[in-house]
Amino acid sequence: QKSFSDLANEYRVEDAKHMLANSNEPVTNISYDVGFNSIASFNRVFKQVTGKSPSKFREDQTKEAA
């Protein structure tokens, strides 16, 4: 029972997670690439979905890969 925007945001975050883990693209660029209109809303939604900020997520992915 999710709204369309919640579902769309979850897909966007999944795309962003992949991009954060597999590229050095700036977080701001990734947020726009996956369809968010502002970095603030991207950060808020990303943290709601994953429990981490985008930067922390990338940092953790880098540590796991090492």
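Predicted model: local features only at pLDDT ≥ 70, side-chain atom pairs only at ≥ 80, totals over all residues.
Tutor: Residues are numbered from 1 along each chain as its sequence is written, and side-chain values use heavy atoms, leaving out hydrogens and water.

Student: Which residues of helix H3 are buried?

Tutor: Helices are DSSP runs (H or I, at least four residues), numbered from the N terminus, and H3 covers residues 39–50. Buried means under 20% relative accessible area, exposed over 50%, and partly exposed in between (1.4 Å probe, protein chains only). In H3, the buried residues are Ser 41, Phe 42, Val 45 and Phe 46.

Student: Why do the buried residues of H3 line one face of the helix?

Tutor: The arc is that of the directions from the helix axis to the C-beta atoms. The face turned away from the buried side of H3 carries the exposed residues Ala 40 and Gln 48. The buried residues line one face because, seen down the axis of H3, they fall within an arc of 125°.

Student: Which residues does Asn 9 touch, not counting residues up to four places away in sequence?

Tutor: Asn 9 lies in helix H1 and is buried, with a relative accessible area of 15%. Contact means heavy atoms within 4.5 Å. Not counting residues up to four places away in sequence, Asn 9 touches Phe 36 and Val 45.

Note on methods
Helix = DSSP H or I, 4+ residues; strand = E, 2+ residues; numbered from the N terminus. Expected span 1.5 Å × (residues − 1).
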